[in-house]
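Here are some notes for a colleague who is opening this structure for the first time. Please read them with the sequence and the 3D view side by side.

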Amino acid sequence: MDQRKDFVARARMAREAGRTTDAIDFMRKVTSFGMLLRHEGELYAAAFKVAMKELLAACQLIDQFSAEKPHRSVAEEYIGRLQSEIRSLCRECRAVADAHAERETLVGEEAVFWHRVSGDCSRLLAEVSVAFDRDAAASQAELSYTAAGLAASSLSPAHPGRLAIALNFSLFQAEIMGDLARACFIAKGALDDAIDFVPTLAQHHKSQAGRLLHDLQACILEWAAVLQIDVAGCDWEDR
């Protein structure tokens, strides 16, 4: 086994064993060999995503348990340190994603994937930033998701990659921009466009598409309830 494949294998084993930090370290070594292959990119992004989500969950727990308690200032300092780690990981992962996404030869699923990774990193970066830094991260997320959407236009409306972009972009609009109306519009449009194309998908894509459609449907119903608007017919399984 050559060194590159060895690092990939070690990263995969580390991730499966719950050793996220080790998985990231091994994938950093893989990036030293040049552009990542698709399966390497998925492993790279997954490792960073898990690490960032774990740190974000830790921030939320500390904030919850330390509310109105004597050591609140200590908790805030600790949360600030964890958020700094999140920002560092976001920027590192986004830099790799952007380097791959900017290749002129990149098209189709791979282009969608890397633009989505960049958008997701910027979305999380905006979540843990304030003032100008938050605005800059949000603007970058909007650009990346828009680029991903353009690249996804060549895919079936029910393709998991295209649905994932719609879901993540709508979540960005709701959670970061606070625009529930636009979030609902994006999600509902994606669901409506996908319905008739699900039967045409390859079998290995159908289950992924089904899960994403369920997530889109749940978001639509939640946001519509807040907006007090009618979204009749959004149950994709009944159509």
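1. Leu55 has a relative accessible area of 14%, and because buried means under 20%, Leu55 counts as buried. In this predicted model, Leu55 has its place in helix H3, which runs over residues 38-65. Apart from neighbours within four places in sequence, Leu55 is in contact with Leu82, Glu85, Ile86 and Leu89. Ser84 is 29 residues from Leu55 in sequence, while the C-alpha atoms of the two are 9.9 Å apart in space.

2. The largest pocket holds about 1,200 Å³ of space, and of the 39 residues that line the largest pocket, the closest to its centre are Lys49, Lys53, Arg116, Asp120 and Asn168. H3 gives the largest share of this lining, 12 residues, and at least two residues each are supplied by helix H1 (3-16), H3, helix H5 (108-127), helix H7 (160-175) and helix H9 (203-227). Sorted by class, the lining of the largest pocket has 18 nonpolar, 7 polar and 14 charged residues.

3. For the second largest pocket the volume is about 310 Å³, and Gly149, Arg162, Ile165, Ala166 and Ala190 are the closest to its centre among the 16 residues that line it. Helix H6 (131-152), H7 and helix H8 (180-194) each contribute at least two residues to this lining, which divides into 9 nonpolar, 4 polar and 3 charged residues.

4. How many disulfides does the structure hold? The number is 0, and for Cys219, which is in no disulfide, the nearest cysteine sulfur is that of Cys184, 9.4 Å away. Cys184 counts as buried at 5% relative accessibility, and Cys219 counts as buried at 12%.

Definitions and conventions:
Residues numbered from 1 in each chain as written. Predicted model: local features only at pLDDT ≥ 70, side-chain atom pairs only at ≥ 80, totals over all residues. Heavy atoms only, no water. Disulfide = S-S within 2.5 Å. Buried < 20%, exposed > 50% of the residue type's maximum accessible area, 1.4 Å probe, protein only. Helix = DSSP H or I, 4+ residues; strand = E, 2+ residues; numbered from the N terminus. Contact = heavy atoms within 4.5 Å. 1 Å grid on protein atoms, 1.4 Å probe; cavity = no way out; pocket = protein on both sides within 12 Å on 5 of 7 lines; lining within 4 Å. Points joined across faces, edges and corners; volume = space filled by probe spheres on them. Nonpolar A, V, L, I, M, F, W, Y, C, P; charged D, E, K, R; others polar.
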